[in-house]
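This report describes the strand arrangement, the disulfide and some backbone features of one protein model. The sequence and the structure are shown first.

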Amino acid sequence: QVQLVESGGGLVQPGGSLRLSCAASGSIFRLYAMAWYRQAPGKQRELVAIITSGGSANFADSVKGRFTISRDNAKNTVYLQMNSLKPEDTAVYYCNGAPALGQYWGQGTQVTVSS
């Protein structure tokens, strides 16, 4: 079974930075577009950033200019660098394919932005 394990979340003050990592099992990770999603309390899960197998990226308007997404196919890992964090970025962050497949959702990693 495919396994996606997110890490790197934590508590950070507004204006701070975090880097999230998503480690994927399997031998064909490099062939898939990947994405980061987030879900805040009382809100629907939203798409944050996408990166194609070739490295092209796109971002939600709410994070554009602050977040970057990257991948290391040799390590089967995708990253989300989050800068200039705001309280409204507080959420559980998940990685998955793009489009997402239900059976691939992991536990996510909690990001809390608070002073």
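In which loop does Asn76 lie? Asn76 is found in the loop between strand 7 (67-72) and strand 8 (77-82). Strands here are DSSP runs (E, at least two residues), numbered from the N terminus.

The model is predicted: local features need pLDDT of at least 70 and side-chain atom pairs count only at pLDDT 80 or more, while totals for chains, interfaces and linings use all residues. Residues are numbered from 1 along each chain as its sequence is written, and side-chain values use heavy atoms, with hydrogens and water left out.

**Backbone features in the loops**

Asn76 has a phi near 50°, a positive value in a residue other than glycine. At 17% relative accessibility, Asn76 counts as buried (buried means under 20% relative accessible area, exposed over 50%, and partly exposed in between, with a 1.4 Å probe and protein chains only). Ser84, also not a glycine, has a positive phi of about 50°. Ser84 lies in the loop between strand 8 and strand 9 and is partly exposed, with a relative accessible area of 40%.

**The disulfide**

The structure contains one disulfide, a term that denotes a pair of cysteine sulfur atoms within 2.5 Å. The link is formed by Cys22 and Cys95, whose sulfur atoms are 1.8 Å apart. Cys22 belongs to strand 3 (residues 18-24) and Cys95 to strand 9 (residues 91-97), so the pair ties together parts that are 73 residues apart in sequence. The link is right-handed, with 55° about the S-S bond. Both Cys22 and Cys95 are buried.

**The two open sheets**

Strands of a sheet pair through backbone hydrogen bonds, either parallel or antiparallel. Two strands are taken as paired if DSSP finds at least two bridges between them.

An open sheet of six strands has the order 2-10-9-4-5-6, and its pairing is mixed. Its edge strands are strand 2 and strand 6 (57-59), each of which pairs on one side only. Neighbouring strands of this sheet are turned by 25° against each other on average, direction ignored.

| Strand pair | Sense and bridges |
|---|---|
| Strand 7 and strand 8 | antiparallel, six bridges |
| Strand 4 (residues 34-39) and strand 5 (residues 46-51) | antiparallel, five bridges |
| Strand 9 and strand 10 | antiparallel, three bridges |
| Strand 2 (residues 10-12) and strand 10 | parallel, three bridges |

Arg71 stands opposite Val78 in strand 8, and Met34 has Ile51 in strand 5 as its bridge partner. In strand 10, Val111 is the bridge partner of Gly10, whereas Gln110 is the bridge partner of Val92.

In a regular strand the side chains alternate between the two faces of the sheet. Strand 10 has a covered face with Thr109, Val111 and Val113, and an uncovered one with Gln110 and Thr112.

Terms used
Helix = DSSP H or I, 4+ residues; strand = E, 2+ residues; numbered from the N terminus. Axes fitted to C-alpha atoms, helices over the stretch in contact; angles between N-to-C directions.
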